[in-house]
Amino acid sequence: MPEIKIVTEIAGRICATPVQVGVTVADGDEIVIVEAMKMEIPVASPASGTITSLLVKIDDVVAEGQAVAIVAN
């Protein structure tokens, strides 16, 4: 099973993690929500599969291009 890293395209603070490890997601499902400049930006899964790891938690500060989760399909 290939693993795909899900990365954020913007720096900010994690304000929500609507999925948990072990959950099956579809292409485009929201994995985490990043708050940046008083806006909430969803980070979506680029592929269908199962979340094998969440690399962040609520209130973590993330950089642009940082991996936030791993999905295996």
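**View 1. The largest nonpolar core of this predicted model**. Fourteen residues make up this core, and the ones with the most contacts inside it are Ile 6, Ile 31, Val 32, Ile 51 and Val 68. Two elements, β4 (30-36) and β8 (67-72), each give two or more residues to the core. As a rule, nonpolar side chains in soluble globular proteins tend to be buried together.

**View 2. Ile 6 and the residues around it**. Leaving aside residues up to four places away in sequence, what does Ile 6 touch? Its contacts include Ile 31 and Ile 51, along with Val 43, Ala 44, Ser 45 and Pro 46. Ile 6 also touches Gln 66, Ala 67, Val 68, Ala 69 and Val 71.

**View 3. An open sheet of four strands**. Read across, the order is β5-β4-β2-β7, and the pairing is antiparallel. At the edges you'll find β5 (39-44) and β7 (61-62); each has a single partner strand, so one side of each has no neighbour in the sheet.

**View 4. β4 and its partners.** Is β4 mostly covered or mostly open? Mostly covered: five of its seven residues are buried. Six bridges tie β4 to the antiparallel β5, while three bridges link β4 to β2 (residues 12-16), again in the antiparallel sense. Ile 33 sits opposite Ala 16 of β2 and also opposite Pro 42 in β5. Val 32, for its part, faces Val 43 in β5.

**View 5. The hairpin turn between β4 and β5**.

Terms used
Residues numbered from 1 in each chain as written. Predicted model: local features only at pLDDT ≥ 70, side-chain atom pairs only at ≥ 80, totals over all residues. Heavy atoms only, no water. Core = buried A, V, L, I, M, F, W, Y, C linked by side-chain atoms within 4.5 Å. Buried < 20%, exposed > 50% of the residue type's maximum accessible area, 1.4 Å probe, protein only. Contact = heavy atoms within 4.5 Å. Pairing = 2+ DSSP bridges.
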